[in-house]
Amino acid sequence: EHEPQVHIRNKVSGKQGGNVQVDVDAGVEWRIEVRLAGEHRRQVPVRVAADTLRDPLHADGTEGDVGEEAAVERIVDGVQDQLGQIEILVNNAGLSRGLDPVPAGDLEDWNEMIDTNVKGLLYVDRAVLPLMAARGRGTVVHIGSIAGHQVYPGGNVYCATKHAIVGFSKGLRLELKGTGVGVTVVCPGA
């Protein structure tokens with residue numbers, strides 16, 4: 001079983017991904033190309049209406065530690081104030097620290113990975129999901145890792161956090177069934 005590869009291409013300029021600047025006065029049509037196992041292809045049009053963006057394709061950054069629940073609430077509020085409703089959440093907090101065997105592992109490294117990779121993901125979902133469910137629509141994309149499917153020497157805690165993301169995503173998908181909110185997990189390298 002292969003994880004899908006997703007490529008986003010701007011229909012106007014033909015550029016793939018990256019920072020594409022376009023005129024969004026009348027809206028922008030993007031095409032998402034999905035390839036499964038490199039053989040099956042499907043293109044899905046996605047329309048981005050200009051009136052959904054207060055300042056087209058621009059937002060001031062909001063900083064905070066996703067491992068701190070209060071910071072996440074502030075970030076989510078800031079995003080909504082600048083851009084309006086959150087339709088798609090790409091939850092991509094993650095880091096890796098230390099390769100020591102468990103008996104020699106650094107507890108600060110472990111806590112930082114767990115706080116960011118697991119708690120951070122949970123806190124962001126907890127803040128955004130009620131907003132999506134109340135509207136009856138939304139998409140959550142969790143960014144996992146091949147380490148959520150395979151382990152490597154010295155990567156015990158990091159791999160455990162990425163396995164947690166995969167398991168959480170599967171459970172959340174079941175929990176949100178019938179709400180109009182979809183959940184997927186993308187695992188680079190898998």
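Modeller: Contact here means heavy atoms within 4.5 Å. The model is predicted.

Biologist: Which strands does helix α2 lie across, and at about what angle does α2 run to β4?

Modeller: Helix α2 covers residues 107–135. The strands it lies across are β4, β5 and β6. Relative to β4, helix α2 runs at about 170 degrees.

Biologist: What is the strand order in the open sheet of 3 strands?

Modeller: Pairing in this open sheet is parallel. The edge strands, β4 (88–91) and β6 (181–186), each pair on one side only. From one strand to the next, the twist averages 15 degrees. The order is β4-β5-β6.

Biologist: Over how many bridges do β5 and β6 pair?

Modeller: Strand β5 spans residues 138–143. H142 has V185 in β6 as its bridge partner. Strands β5 and β6 pair in the parallel sense, and the count is 6 bridges.

Biologist: At about what angle does helix α3 run to β6?

Modeller: Helix α3 takes in residues 156–175. It lies across β5 and β6. Its angle to β6 is about 155 degrees.

Biologist: What pattern does the chain follow along the sequence?

Modeller: The chain has 3 helices and 6 strands. Read along the sequence, they give β-β-β-α-β-α-β-α-β.

Biologist: What percentage of the 190 residues is buried?

Modeller: Buried means under 20% relative accessible area. The accessible surface of the chain comes to about 11800 Å², with 53% belonging to carbon and sulfur atoms. Of the 190 residues, the buried share is 31%.

How values were computed:
Residues numbered from 1 in each chain as written. Predicted model: local features only at pLDDT ≥ 70, side-chain atom pairs only at ≥ 80, totals over all residues. Heavy atoms only, no water. Pairing = 2+ DSSP bridges. Helix = DSSP H or I, 4+ residues; strand = E, 2+ residues; numbered from the N terminus. Axes fitted to C-alpha atoms, helices over the stretch in contact; angles between N-to-C directions. Buried < 20%, exposed > 50% of the residue type's maximum accessible area, 1.4 Å probe, protein only. Areas by Shrake-Rupley, 256 points an atom, 1.4 Å probe, with all protein chains shown as cover.
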